[in-house]
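Thanks for coming, everyone. I have one structure to walk through today. Please put it up on your screens.

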Amino acid sequence: LVWEQNPLEKGIFSVRKWDILLPMSTWRSQPKIQLRLAGNKRKHYEGRLEVFYNNEWGTICDDDFSILAAQVACRELGFLGAVSWSPSAKFGQGEGRIWLDNVHCTGREKSLAECPSNGFGVSDCRHSEDVGVICNQKRIPGHRFINTMNNNARGGPTPISSHLKRIPVTEGYVEIKERGKWRQICDEEWTPLNNRVVCGMYGFPGEKNYNNKVYKSLSMRKKKNYWGFSVNCTGNEAHLSSCRLGKPLELKRNGTCGRGLPVVVSCVPGRAFAPSSSTGFRKAYRPEQPLVRLRGGSNIGEGRVEVLKNGVWGTVCDDNWNLRAATIVCRELGFGSAKEALTGAKLGQGMGPVHMNEVECSGFEKSLTDCYFNNDALGCSHEEDAAVRCNIPAMGFQKRIRLSGGRNPYEGRVEVLTEKNGSLVWGTVCSENWGMVEAMVVCRQLGLGFASYAFQETWYWAGDASADNVVMSGVRCSGTEMSLPQCLHHGKHISCPKGGGRFAAGVSCSDSAPDLVLNAQLVEHTTYLEDRPMYALQCALEENCLSSTAKKNDHSSYRRLLRFSSQIHNVGRSDFRPKLGYHAWTWHECHRHYHSMEVFTHYDLLSLNGTKVAEGHKASFCLEDTQCDEGIQKRYVCANFGEQGITVGCWDTYRHDIDCQWIDITDVKPGDYIFQVVINPNYDVAESDYSNNIMKCKCRYDGYRIWMYHCHTGELQKKNCVEVLPGQFKSH
């Protein structure tokens, strides 16, 4: 077998895993195929696995391939079975079509064509992922041996190694490194609780069964080198090294233990890391309607813990908060065990109620809400909000991207590793339409926290001259991706009008960021209608705060205004500052003030089907600390042309009687509507969480009065319904 050592080594323990995952689809009929072994092979029973279909030879992608598929292929080739299989074009890269992808066999099929897959020719792989097999040298009696000829595949560069794969390794032998040597663990005294700990430390929520027959046959051929002890875990340990050492094992002279089998562990991937819908995870947990979520974390698998109760999200008080409770949260969300249980709002303060206090878990609950807790959170403030950092699978995303030319490791020109003409090359990213959300994905992929700036010109950062060529363009992200290639981007046909070089994309990262949240209840309680004469709205007209039907010289008419107050809190971990410096602010003579951000808030009145019927906007002409939590000093007061911003733990209140704090609904007919407010709508300033920047209310207008009800902070996904441009594709 070709083994991959997991890079997350801790202490003397590590795990080597072998990839077995889930099928994508099945064929309804069995096409006629032929197989052969090709490539840079030395023996007739090994090589790159190729398929002859539709009068054309092609290769097989290593995604989802397993020893079971290798067994089927080797038997179809005339051998007794398979010894191992190899990912990442170990026998060289093939040519032509990649006929099969996501092949998943049970091992009982007579032909590879019977195994479930995406279907012939349906693949998102490259030849750097061509699969190879090593078959048992013995042939099936009476079987005619065919299709083992070498097709003279070209010798290529070093193939993309397995750390560039899009899916994690989930199954394999457990081995311990002792005095520099890897040793297997005897399965005598090994329990499912030990499996649970191993899976958790490598970022998986749970364990599952595996095909023991395959490993029995493999272990008979493998030289025995057992560790001399058993392991005794309770199932709640965060790492195998925290488990108790069991009794010494008496090894036989030939190096075998009692039953002579090494420990194998198979894990269930969480939904964020599974190649398809993960049945095992879905059965064990409740991912369809999650009751728990993480907010404010810079990386996947970390954040402030929030719980849904009676339709309202609230936080968890950190009294008695520990690794056991944190692990329940991590596993419920599809990650492994918890690395850290954080207290004192280390990942930012939440808003709204504190739903849980003094949480106590056994460690085996399916949800945090199944643990014992105190409903009475009196005395708990958001300064005590609990948070977690979870173990996640090692995907190797950081090795595919780098920042070049910056003054420090947190900034620079973005360079990505990609395959071009059969070689791995570093190149730049086109900066056209490059923005803060795309920069956020880069910083997350690098493990550098949040983006503080997104640059469309990087002429002042001299990167590696060999990486000047643009290798990725048309990048558009939703903000939830784990790596930049997962965002929408152009395929093979790169299109970048300005080119790379000085116009390459760049980022600056930070370990903290602000987070603005609107107080929805205040909007609901302060809404009213006002009929105001046009002569009193001339400044608002100049600043485009009225609808297009308002006329400048019509001083005798009235406009009907939907008015309200808003209170915008900064619950992040750094101050919210305008994108532009003081020197670039715009002076508005009519109101005698500076605008530090031309558009700070959008106000929209929508029909029930989402059509906009009225709109307004708010410029941040006085972005300041109106009030702060106890013990926090105001830092920003915009009076006398002072600095503008919102301090962590403070909020800026826009009263209903301030100009432009409204929507002009003069032309709106009576009926039911949706009122929507979006803060920082253009993503001009980085925030740790954009999903809470939108607020929606149900609204009823009868022509004389207006009612606002069911106001709540919603989930905002940038570009989640974006139109795919020609030549673009959604990568994985």
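Ground rules first. This is a predicted model, where local features need pLDDT of at least 70, side-chain atom pairs count only at pLDDT 80 or more, and totals for chains, interfaces and linings use all residues. Residues are numbered from 1 along each chain as its sequence is written, and side-chain values use heavy atoms, with hydrogens and water left out.

Now the overall picture. The chain has 8 helices and 43 strands. Those are DSSP runs numbered from the N terminus: H or I of at least four residues for helices, E of at least two for strands. Of the 732 residues, 56% count as buried. Buried means under 20% relative accessible area, exposed means over 50%, and partly exposed is in between, with a 1.4 Å probe and protein chains only.

A contact here is heavy atoms within 4.5 Å. The accessible surface is about 32900 Å², and 49% of that belongs to carbon and sulfur atoms. Areas come from the Shrake-Rupley method with a 1.4 Å probe; for residues, only the protein chains shown count as cover.

Next, the disulfides. How many does the structure hold? There are 13. The criterion is a pair of cysteine sulfur atoms within 2.5 Å. I will take three of them.

Start with Cys317 and Cys380, joined at an S to S distance of 2.1 Å. This pair links distant parts of the chain, 63 residues apart. Cys317 sits in the loop between β17 (312–316) and α5 (323–332). Cys380 sits in the loop between β20 (372–374) and β21 (387–390). Left-handed or right-handed? The torsion about the S-S bond of Cys317 and Cys380 is about -75°, so this disulfide is left-handed. Cys317 is buried at 1% relative accessibility. Cys380 is buried too, at 13%.

Second, Cys628 and Cys650, with S to S at 2.0 Å. Cys628 is in strand β37 (residues 627–628) and Cys650 in strand β38 (residues 650–654), 22 residues apart. The torsion about their S-S bond is 100°, a right-handed link. Both Cys628 and Cys650 are buried.

Third, Cys697 and Cys711, again with S to S at 2.0 Å. The link is right-handed, with 115° about the S-S bond. Cys697 belongs to strand β41 (residues 694–701), Cys711 to strand β42 (residues 706–713), and they are 14 residues apart. Cys697 is buried at 1% relative accessibility, and Cys711 is buried at 8%. What about Cys699? Cys699 is in no disulfide. Its nearest cysteine sulfur, that of Cys697, is 8.1 Å away. Cys699 is buried, with a relative accessible area of 1%.

On to helix α6, residues 436–446. How many of its 11 residues are buried? The count is 11 of the 11, so α6 is largely enclosed by the rest of the structure. Among the buried residues are Glu438, Arg444 and Gln445. The cover includes β22 (401–405), β23 (411–420), β25 (450–455) and β28 (506–510). Just after α6, Gly447 takes a positive phi of about 70°.

Now a loop, the one between β32 (566–570) and β33 (586–588), where Ser574 lies. Ser574 is buried at 19% relative accessibility. A polar atom of the Ser574 side chain lies 3.4 Å from the backbone nitrogen of Ala513. Leaving out residues up to four places away in sequence, Ser574 touches Ser512, Ala513, Pro514 and Val648.

Tyr582 is in the loop between β32 and β33 as well. Tyr582 is partly exposed, at 35% relative accessibility. Which residues make up the nonpolar surface patch of about 290 Å²? They are Tyr582, Trp587 and Phe641. Patches use residues with over 30% relative accessible area and no salt bridge; like charges are joined within 9 Å, and nonpolar side chains (Val, Leu, Ile, Met, Phe, Trp, Tyr) within 5 Å. A salt bridge is a side-chain nitrogen of Lys or Arg within 4 Å of a carboxyl oxygen of Asp or Glu.

That is my tour. Over to you.

Technical notes: Polar contact = N/O pair within 3.5 Å; in protein donor to acceptor, adjacent residues only side chain to side chain.
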